[in-house]
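This report walks through a structure in sections, from a pair of helices to whole chains. Please keep the sequence and the 3D view open while reading.

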Amino acid sequence: MEHAYLGIDVGSISTKGVIIDKKNNILSSQYIWTQGDPIGAVKELVRLLEGQFDKEKYKIVATGTTGSARKLVGTIVGATMVKNEITAHAVGTTTFYPDVRTILEIGGQDSKIILVENGVAVDYAMNTLCAAGTGAFLSSQAKRLGIEVEEIGDYALRSTHPTQIAARCTVFAESDLVHKIQMGHPREDIIAGVCNAVAANYLNNVGKGKKIVSPVVFQGGVSKNQGVVAAFERTLGCKVIVDPNGHLMGALGVAILARRGSGRQEFDFAMEDMEFRTREASCGGCSNNCEIICVYRGNELIDSWGNRCERGARVH
Amino acid sequence: MEKQTITIGLPRALLYYRYAPLWKTFFQELGMETVVSSPTDRDILEQGTALAIDEACLSLKIYLGHVAALVGRCDCILVPRVSNFGRHRNMCTRFESTPDLVRSVFRDSGQKFLSYEVDEELKKGEEEAFVELGKALGSTAKAAKKAYKAAKKAEAAFHKERVQKHEQLYKRENIKVLIAAHSYVIEDPYMGRAVTEYLKRAGVISLRADLVDREAALKHSRELSPTCKWEISREILGGIQQHKDDVDGIILLSAFPCGPDAMVNELITRRVKGVPMLNLVLDSQSGTAGVETRLESFIDIIRFKEGKL
């Protein structure tokens, strides 16, 4: 049996999974919405991945998780590698684009920039805890304008006179947008304006002070939006590469890290039928009242975290 | 009848992290007792947040929580006004306003407060301030002056020893990260401690830009900015200037929203080049995930660079 490696990226908005072989060829891949239920999303993801996967020929010997739910999901799937999304994206992208110099990434609640020299990430920046201008903003504005988030790009490309939208803060951008709607600006111009605002906001905040050198690769859910891609190309004055698998880059990166790592644990697809639940417990050992998350498989506690000190380790 | 000992309350926040040896020795020399509030916990943070206006910085919110924890537990609580040590040597305006602010917030508590004022631009030096403080507590000017001298000596010795010990860390072999932060941010269990403890678990040596010889740091700070007006920021700038080549990365750590840091951190990112830098802003949200993701990836970048990942 040949060895294969599973990478799972559970973000705030979407859940991504890939299975790769030793040479990083994709054997199976999936992209679904998280919908506020990372455990349910991962079970569904695993079920879909299993459908495309040749279990006679391959076995999964290592599993990596990344994204904001990496720890929870890592516990559930028995991950051999749990890595933050920045590292996962850097590893994934430099594997497929060894010449890349700048990686732009806009996800559901985070945005980041990674600068690469000679295939090695040398500097990065990430949005502060504020999520202005990320995918969450785009999807709420799409809803407000009565279109699907997937349609934003097509609308934006039809616009010839993008409306100016205040880019600094999501709350201001939203009130500005409502004002522009009421003033009678055409919908495609407003949508193009929102896309420009996202690009401008990104470059002024996350990209501030960073030297953006070509080749530039743009990824994360928002890279699927042609309007934002066009806005970046116009502002940066260079081509922006969007990989057809760009949305999978975090999952690919963490699958590669799992392959390179020393941990080995055969992945069991049976987890999709198991019952997992989490419970929040308050420690009460001192006035900090740490919020401790306990993860159960059936009735068995498999992991817990959130305690600031040892006292919390006893609370289940 | 035996004279009752006066007890002075010291809130464990803001300038406590700078002046603890000075204050404690001074009051001790005058035969008084000091009581320090316990390290920040969630109660203190929540109480402070309830007492402060929304726009106040996290550090001030925590400070008010510590003051509240001392109310009724001592004869008076020390809340100094430290304005400046001369031209281009200002403290954050926060430290000018705290005595008025605290008196106003706790006006109905019945608690007595004690203050001293340092404002070199108005010719109010620290020594005179402490002599006045001693006199207000019933000491003679002579005794107060003597206590101040002893306290100053203790302060210098404490800082010197600390700096010397800290300098040894630069000689270690592991990955080293220099943290630029105010002492009351980096040492507080609810702010910077989460960061330094995370780094420790990750096997990284965390160093502090502010733990340097202060006079030398003030001089070096001019190389980065001749006009920066904040004393503590200048110590940090000087520390960075002295040690930026000895470390693998720099973390700019602030409590939200910090006026001086908003400007000085921007200055640092523009003028200090060639070393990976992470800008980390802490606020009172209890989730540490955002902070951990940023720290983990920052350490990964350093390891990447060294080919260790």
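At what angle do the axes of helix H1 and helix H6 of chain B cross? In this model, which is predicted, helix H1 (residues 16-29) and helix H6 (residues 141-169) of chain B cross at roughly 145 degrees, and their axes come within 8 Å.

## Two helices of chain B

The crossing of H1(B) with H6(B) is right-handed. On the H1(B) side, the residues that take part are Pro21(B), Leu22(B), Thr25(B), Phe26(B) and Glu29(B), and in H6(B) they meet a set of residues that includes Lys146(B), Ala147(B), Tyr148(B), Ala150(B) and Phe158(B). Sorted by class, the residues of this contact comprise nine nonpolar, one polar and four charged.

## The domains of chain B

Chain B is divided into domain 1, which covers residues 7-157, and domain 2, which covers residues 170-305. The C-alpha centres of domain 1 and domain 2 of chain B are 26 Å apart, and the contact takes 18 residues from domain 1 of chain B and 21 residues from domain 2 of chain B.

Which elements supply at least two residues each to the side of domain 1 of chain B that touches domain 2 of chain B? They are H1, H2 and helix H3 (58-70) of chain B, and the largest share, three residues, comes from H3(B). By class, this side of domain 1 of chain B has eleven nonpolar, five polar and two charged residues.

## Where the chains meet

Between the two chains, 19 residues of chain B are in contact with 18 residues of chain A. On the side of chain B that touches chain A, the elements that give two or more residues are helix H2 (42-51), helix H11 (259-271) and helix H12 (289-305) of chain B. H12(B) provides the largest share of that side, ten residues, and by class the side of chain B that touches chain A has five nonpolar, five polar and nine charged residues.

## A sheet in chain A

In chain A, five strands form an open sheet in the order E3-E2-E1-E4-E5, with mixed pairing. Strand E3 (26-33) and strand E5 (81-82) of chain A each have a single partner strand and stand at the edges, so one side of each is left without a neighbour in the sheet. Helix H1 (residues 38-52) of chain A packs on this sheet and touches E1, E2 and E3 of chain A, while its direction makes about 145 degrees with that of E3(A).

Strand E1 (residues 2-10) and strand E2 (residues 14-21) of chain A run antiparallel and are joined by seven bridges. Looking at one position, Ile8(A) has Gly17(A) in E2(A) as its bridge partner.

## Chain A as a whole

The secondary structure of chain A comes to nine helices and 13 strands. Its radius of gyration is 21 Å, which is close to the 20 Å that the globule rule gives for 316 residues, so chain A is as compact as a globular protein of that length. Along its principal axes, the C-alpha trace of chain A spans about 60 × 50 × 35 Å.

Chain A is divided into domain 1 (2-89 + 251-272), domain 2 (98-242) and domain 3 (276-314). The centres of domain 2 and domain 3 of chain A, taken over C-alpha atoms, are separated by 38 Å.

Definitions and conventions: Residues numbered from 1 in each chain as written. Chains lettered and ligands numbered in written order. Predicted model: local features only at pLDDT ≥ 70, side-chain atom pairs only at ≥ 80, totals over all residues. Axes fitted to C-alpha atoms, helices over the stretch in contact; angles between N-to-C directions. Helix = DSSP H or I, 4+ residues; strand = E, 2+ residues; numbered from the N terminus. Left-handed = near helix turned anticlockwise from the far one by under 90°. Contact = placed C-beta atoms within 7 Å. Nonpolar A, V, L, I, M, F, W, Y, C, P; charged D, E, K, R; others polar. Pairing = 2+ DSSP bridges. Domains from an automatic or database assignment. Rg over C-alpha atoms; globule rule 2.2 N^0.38 Å.
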